[in-house]
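Hi everyone, and thanks for making time today. I'd like to walk you through a structure that may be new to you, so please have a look at it with me.

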Amino acid sequence: MDTMVTEKTEKWNRRYRVHVDHRLCDGCGVCLCYCKPSVFRISPELSGRGIFPAVPEAPQSCTGCGLCELGCPQLAIAVVADDPEGGAA
Ligand code: SF4
Ligand code: SF4
């Protein structure tokens, strides 16, 4: 039981990088609905494709739940855990 608590604590202490591919994002805003810690906002500036894309404004709040990746209809989001050495896991 102690081991399970330790593993969960380590998971929730991890940091994540959140990427939005603006070549795919159509600005639908679904990711804002899925993300409980409000990592995303819609950019006030048009992208090269003429849409207002999502931007990961507060990636430090990401819990790594993965809901945005699953819910994005354009598959434009990637969430990657940082390893303790500073690289991507
Ligand atoms: S759900 Fe996907 S397509 Fe919609 S705004 Fe977010 S990143 Fe863009
Ligand atoms: S993985 Fe979860 S917490 Fe992180 S940006 Fe996506 S929805 Fe938000």
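How confident is the predictor, on average, along the protein chain? The mean pLDDT is 86, and 80% of the residues reach 70 or more. There is one stretch to treat with care: over residues 1-6 the pLDDT is below 50. Beyond near neighbours in sequence, that stretch has 0 contacts in the model. Where pLDDT is low, the predicted coordinates should not be read in detail.

Now for the layout. The protein chain has 3 helices and 4 strands, and along the sequence they follow the pattern α-β-α-β-β-α-β. Of the 89 residues in the protein chain, 18% are buried. If you take the contacts between residues at least 6 apart in sequence, 59% of them join residues at least 24 apart.

Which strand does β1 pair with, and in what sense? β1 pairs with strand β4, residues 77-81, in the antiparallel sense over 5 bridges. Within this pairing, Val20 stands opposite Ile77 in β4. At Ala81, which is in strand β4, you can find another close approach: Ala81 and Tyr16 are 65 residues apart in sequence, yet 4.3 Å apart in space, C-alpha to C-alpha. Ala81 counts as partly exposed, because it has 13 other C-beta atoms within 10 Å.

Stay with β1 for a moment and look at its side chains. In a regular strand the side chains alternate between the two faces of the sheet.

The largest nonpolar core has 14 residues, and β1 gives the most to it, with 3 residues. Which residues have the most contacts inside this core? They are Cys31 and Ile77. Setting aside neighbours within four places in sequence, Ile77 is in contact with His19, Val20, Cys31, Cys68, Glu69 and Cys72.

Cys68 deserves a stop of its own. Cys68 lies in helix α3, and it is buried because 24 other C-beta atoms lie within 10 Å. Not counting residues up to four places away in sequence, Cys68 touches Cys31, Tyr34, Cys35, Ile77 and Val79. One of these, Tyr34, is 34 residues away in sequence but 5.9 Å away in space, C-alpha to C-alpha.

Let's turn to the ligands. There are 14 residues around ligand 1, and Cys25, Cys28, Cys31, Ala54 and Cys72 come nearest.

Leaving aside neighbours within four places in sequence, Val39 is in contact with Val18, Pro56, Glu57, Ala58, Pro59, Ser61 and Cys62. Val39 and Pro56 are 17 residues apart in sequence and 5.5 Å apart in space, C-alpha to C-alpha.

Finally, two backbone details. Most residues other than glycine have a negative phi. Ser38, though, has a positive phi of about 55°. Ser38 is in the loop between α2 and β2, and it counts as exposed because it has 10 C-beta neighbours inside 10 Å. Leu75 also has a positive phi, near 50°. Leu75 is found in the loop between α3 and β4, and it is exposed, with 11 other C-beta atoms within 10 Å.

That's my tour, and I'm happy to take questions.

Methods. Residues numbered from 1 in each chain as written. Chains lettered and ligands numbered in written order. Near = placed C-beta within 6 Å. pLDDT = per-residue confidence, 0-100. Contact = placed C-beta atoms within 7 Å. Core = buried A, V, L, I, M, F, W, Y, C linked by C-beta atoms within 7 Å. Buried ≥ 20, exposed ≤ 12 C-beta atoms within 10 Å, placed from the backbone. Helix = DSSP H or I, 4+ residues; strand = E, 2+ residues; numbered from the N terminus. Pairing = 2+ DSSP bridges.
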